[in-house]
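Please have a look at it first, and then we will go through it together.

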Amino acid sequence: MIKKMKSLPLFRKKYIDFSLLAIVLALTLLGLLVLSSAVRTQPGGGSSFLLRQGVASALGLVTMVVLMVVDYRLWKRNYLLLYGLSILFLLATLVFGHGESTWGARSWLSLGPITFQPSEIVKVWLIIALAAWLEAHEERINKPLVLGKTLLFAGFPVGLILLQPDFGTAMVFLFFIAIMLYFAEIDWKYIFAAMGAGLVSLPVLYLRLDNYQKDRIFDFLHPEENISGSGYQAYEGRIAIGSGKFFGRGLYKGPQTQFNFIPTKETDFIFPVLVEELGFVGGFFLLILYLGLFYRLYHMGEISSDKSGRYMSMGILAVFLIHIWENIGMTLGLMPVTGIPLPFISYGGSFQLVNFAMIGLALSVRYHRMNRRKEREVYPLEDWLEKHWHSVLEYWDKKIEEERQKRFQRRK
């Protein structure tokens, strides 16, 4: 008789983090609700915006589930391929990209009717690649030569993004790279050296900024100086937030929102829309959801079965953290204005898809943490095939045994 091999089920409910799924769904629904108000004054009531965001969210959900079921270690083993594709995408953006006249940076690519921001996709690929690299070099990460190679490996894509030039996105990359290096237990002497080098280079970096970027820094330091010019957006956003008070003006009833005083209110400045119409209560509820998101992602990293899963979870956490901190901070006057959207709330198809993809990768860390077979990695599809193959073998084994019994009875 063939011994039945123990295999994993194709869909294992007890390994799914339903808390994180609930948080993400709540954020998505809240984002669609606030977006419906932000685009209400657009032609057709903004139905085209809602339709595109809804489609992106639906595709994002499918992407999230697929990435959760596929073992994240598959991507880890092919991290050099993902890194190479990242470089190709960023080089293609520099050559064929567009967006200078609209967004001030050549950050977008068009493939037929589809327009997307390659750096958003590269963000996910680099997190995977850097996590695999750090795991492979974790024992020697504090050796100067290895650390130098690591910084070159992680910094080259950032340099290509700076050439676009997209300083907001580059800041996001630098932040999650720094967080991943921190969890890789880089020596504090290197951290202090990097902080010192950053402070010394600030004057040089400032001189290389465009005039509109210098204006944003000036408006941050002197918010009341140019409210009719470059500081208008931040000023109107703060008015909307203040006018929301505790319970808000009511959905679709915010004057700053509905009379179009807030520029880019469906993307970068959607947080003032939320607070103006839903008040402190709505803003506090959003922050609670984000805190839950941070906690679950940190928990994923802590329970990971390997170092790459931990580094990847912390990198994803860092991406969400810097996006949320910068976006909400700039609308409150706590940070300079940059073109960084709010996760799951701001309008943007490629951004929404990437958010769901990162959540799917984090879910995969938990979903596959009990899968520790030594000789080979077994993925859900392989488990399913293995299970049904052995069912077929058992069926024929049973038939052969029945035939033997019949022959034995005839001989009697």
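This is a predicted model: local features need pLDDT of at least 70, side-chain atom pairs count only at pLDDT 80 or more; totals for chains, interfaces and linings use all residues.

Let me begin with a question: is the crossing of α7 and α8 left-handed or right-handed? The crossing of α7 and α8 is right-handed, where right-handed means that the near helix is turned clockwise from the far one by less than a right angle, and left-handed that it is turned anticlockwise.

Residues are numbered from 1 along each chain as its sequence is written, and side-chain values use heavy atoms, with hydrogens and water left out.

Back to the helices, which are DSSP runs of H or I with at least four residues, numbered from the N terminus. Two packed helices are described by the angle between their axes and the distance between the axes. Helix α8 covers residues 167-183, and it packs with α7 at an angle of about 165° with the axes 9 Å apart; the axes here are lines fitted to C-alpha atoms over the stretch in contact, and the angles run from 0 to 180 degrees between N-to-C directions. The two helices, α7 and α8, are therefore roughly antiparallel to each other, a label given to angles over 145 degrees, whereas those under 35 degrees count as roughly parallel. Among the α7 residues that meet α8 are Leu 151, Ala 154 and Val 158, and the α8 side includes Phe 173, Leu 174 and Ile 177, with contact meaning heavy atoms within 4.5 Å. By class, this contact of α7 with α8 has 11 nonpolar, two polar and no charged residues, where Ala, Val, Leu, Ile, Met, Phe, Trp, Tyr, Cys and Pro count as nonpolar, Asp, Glu, Lys and Arg as charged, and the others, Gly among them, as polar.

Helix α7 also packs with α4, residues 79-96, at an angle of about 20° and with the axes 9 Å apart, and that makes α4 roughly parallel to α7. Here the crossing is left-handed. Tyr 83, Ile 87 and Leu 90 are among the α4 residues in this contact, and Phe 153, Phe 156 and Pro 157 are among those of α7. The contact of α4 with α7 divides into 12 nonpolar, no polar and no charged residues.

Now to the charged pairs. How many salt bridges does a search of the whole structure find? The search finds seven, a salt bridge being a side-chain nitrogen of Lys or Arg within 4 Å of a carboxyl oxygen of Asp or Glu. In one of them, Lys 76 pairs with Asp 306, the closest N and O atoms being 3.2 Å apart. This pair links distant parts of the chain, with Lys 76 in helix α3 and Asp 306 in the loop between α13 and α14, 230 residues apart. Lys 76 has a relative accessible area of 19% and is therefore buried, where buried means under 20%, exposed over 50% and partly exposed in between, using a 1.4 Å probe and protein chains only.

Another salt bridge joins Asp 71 and Arg 73, at 2.9 Å from N to O. Asp 71 counts as buried at 0% relative accessibility, and Arg 73 is buried as well, at 6%. The C-alpha atom of Asp 71 is separated by 6.2 Å from that of Ser 364, although the two residues are 293 apart along the chain. Ser 364 lies in helix α15 and is buried, with a relative accessible area of 0%.

Finally, some backbone details. Most residues other than glycine have a negative phi, and most peptide bonds are trans. The peptide bond from Gln 164 to Pro 165 is cis, with omega near -10°, and Pro 165 sits in the loop between α7 and α8. Glu 185, in the loop between α8 and α9, has a positive phi near 65° and is exposed, at 62% relative accessible area. Phe 344 also has a positive phi, near 70°, but this residue, in the loop between α14 and α15, is buried at 1%.

Methods: Angles under 35 degrees count as roughly parallel, over 145 as roughly antiparallel, 65 to 115 as roughly perpendicular and the rest as oblique.
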